[in-house]
There are 2 protein chains.
Amino acid sequence: MRLIENWFSERYSDNVQLSFRVRDQLLSVKTDYQRIDLFDTYDFGKLLAIDGTVQLTEYDEYIYHEMITMMPFFHSVRKPETALIIGGGDGGAARSLLGLGVRDIVNVEIDSQVVEISKKYFPELAASFSDRRCRLIIGDGIDYVRKSEQKFDLIIIDSTDPEGPAVSLFSREFYEMCAGRLSESGIVVAQSGSPFYQRETFRMAYDGMVHAFPHVKVYTAFIPTYPSGFWSFTMGSNSAMNPVKDMVRGKYFNQEIAEGAFKLPQFMLDDVSTLKGK
Amino acid sequence: MRLIENWFSERYSDNVQLSFRVRDQLLSVKTDYQRIDLFDTYDFGKLLAIDGTVQLTEYDEYIYHEMITMMPFFHSVRKPETALIIGGGDGGAARSLLGLGVRDIVNVEIDSQVVEISKKYFPELAASFSDRRCRLIIGDGIDYVRKSEQKFDLIIIDSTDPEGPAVSLFSREFYEMCAGRLSESGIVVAQSGSPFYQRETFRMAYDGMVHAFPHVKVYTAFIPTYPSGFWSFTMGSNSAMNPVKDMVRGKYFNQEIAEGAFKLPQFMLDDVSTLKGK
């Protein structure tokens, strides 16, 4: 009889944590950029953590990936054909964009190990990188945006939280560089943290976006394996963003969510209006 | 130096749990109906748990209480003046209704100990029971609904999950009895569990409601201390329910939420359409 239980816990603060019972730890590696751990959990399948925070799990990754891709895709006046993904080394965002018919994707991931691990443990996601429509570049996203001359219909900032390598991805300067790399009616979207536990992350993203773009929209999603279960995304564009008429349905995303996800609770509206007033 | 940490954990399943670091356990009592624990947590202030599940915390109770009261209140054609609360022994639902101007509340709580504990530890919530507009009855909610001849503009089913004393509160028969106790354009609302971890609870409530009422609406809220952070509520009425024009703002609730909270993710719509088709 096995009396030892193994749990992986993510600390949301010093005083709150969510724990997953695991069959096994499949991997733990310190790369040049971060620490990556992979667990085989009972309830969520394989779970990838970076620096101790859940990045994705096999069973609920669809929510994050649908929401970070489908929302901007279906808010663009012209059907998006080209996309730049910053981060997203697991391949999930690219996979969703490929499914939507985007024909030209550049995916810039700084840490080659994330890609290698995803190829081994999340082959359905990493399959994106074998698709001829997707070009994977291992490198620094900020450098890439600075030097690139290509314009994109979508720029997806699928980054870790603003600690370590990702911190500059939440800056006004970076969003301004992105603005210069957008096609007409192009949209930038960034994951912008938990509005509850990471208000500073949300404020950074929102504040940067409103300085870089005339049109900014915030939306939220329920993600059970992320801190507080409640997540924000911030979109910016030089054009007005409105939902298009025909949308596909995901397992989470649908026409209703494409509208309702922009309706924010009062504590978020208060944050937003403070930042707009600055 | 104190090396021992005290944590209270709620199991969401055998394999997932959320834990709160606590300064102290203030109380643990086995009543005739349930086990009640009270903790002084670092991040959420005082936390009340019944049978091991978080009922409310000092710092985020406003979300649940606003959402279970303001949503039906502002979906009633006629301004609600009378309300019946089943459960809600902490006084939070009554407090919110009093704030909205409801002039006649009957609050039926089965467990007098919940009320006593709330009076001692959540005096701001339990103050409702000292208000002359609120009549507290210690007794069985189903019995009360069966025998009462009064009609109410709102019936709020602020119960624990459908285990132990609360199970019958999720039945078709009970909702049908409630339908008979509603004034014209009156609304019944029930907390209907986490759409993620407690799909069976949600299905019970929804299935019961659609059999008892011609008009049923489901809405959700983000509640960080409840399982998965995502919670559902189900409203039923004999009349159409539409948002009224003028609403107050809470700390969570507002005019936007009064619309957006009804926009459901696809996995919930799938559940709902299966149940409607039965």
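Helices (H or I, at least four residues) and strands (E, at least two) are DSSP runs, numbered from the N terminus. The structure is a predicted model, in which local features need pLDDT of at least 70, side-chain atom pairs count only at pLDDT 80 or more, and totals for chains, interfaces and linings use all residues. Residues are numbered from 1 along each chain as its sequence is written, while chains are lettered from A and ligands numbered from 1 in the order in which they are written.

**Exercise 1. Describe the fold of chain A: how many helices and strands are there in chain A?**

Step 1. Chain A has 9 helices and 12 strands.

Step 2. The C-alpha trace of chain A spans about 60 × 45 × 35 Å along its principal axes.

Step 3. The radius of gyration is taken over C-alpha atoms, and the globule rule is 2.2 Å times the number of residues to the power 0.38. For 278 residues a compact globule would have a value near 19 Å, and the 18 Å of chain A agrees with this.

Step 4. A residue is buried if 20 or more other C-beta atoms lie within 10 Å of its own, exposed if 12 or fewer, and partly exposed in between, with C-beta atoms placed from the backbone. By this criterion, 52% of the 278 residues of chain A count as buried.

Step 5. Two residues are in contact if their C-beta atoms, placed from the backbone, lie within 7 Å. Of the contacts in chain A with a separation of 6 or more, 67% come from residues 24 or more positions apart.

**Exercise 2. Which domains does the assignment give for chain A?**

Step 1. The bounds, which come from an automatic or database domain assignment, are 7–57 for domain 1 and 61–277 for domain 2 of chain A.

Step 2. The C-alpha centres of these two domains of chain A lie 22 Å apart.

Step 3. In chain A, 19 residues of domain 1 are in contact with 20 residues of domain 2. On the domain 1 side, two or more residues come from each of strands S1 (7–13), S2 (16–30), S3 (35–41), S4 (45–50) and S5 (53–57) of chain A. S5(A) provides the largest share of that side, 4 residues.

**Exercise 3. Where is A:Val54 placed?**

Step 1. A:Val54 belongs to strand S5 of chain A.

Step 2. A:Val54 counts as buried because it has 23 C-beta neighbours inside 10 Å.

Step 3. Beyond its neighbours within four places in sequence, A:Val54 is in contact with A:Glu10, A:Leu47, A:Ala49, A:Thr225 and A:Tyr226.

Step 4. A:Phe8 is 46 residues from A:Val54 along the chain, and their C-alpha atoms are separated by 10.0 Å.

**Exercise 4. Explain how chain B is arranged against chain A: what rotation superposes chain B on chain A?**

Step 1. Copies are superposed by least squares on the C-alpha atoms of residues with pLDDT of at least 70 in both. A rotation of 180 degrees, with 0.0 Å of shift along its axis, places chain B on chain A with an RMSD of 0.0 Å. The two copies are therefore related as by a two-fold rotation axis.

Step 2. At the interface, 33 residues of chain B are in contact with 33 residues of chain A. S2(B) gives the most to the chain B side, with 6 residues.

Step 3. Because 100% of the interface residues of chain B are also interface residues in chain A, the copies meet through the same surface.

Step 4. Two strands pair if DSSP finds at least two bridges between them. S2(A) and S2(B) run antiparallel and are joined by 5 bridges; A:Phe20 has B:Val16 as its bridge partner in S2(B).
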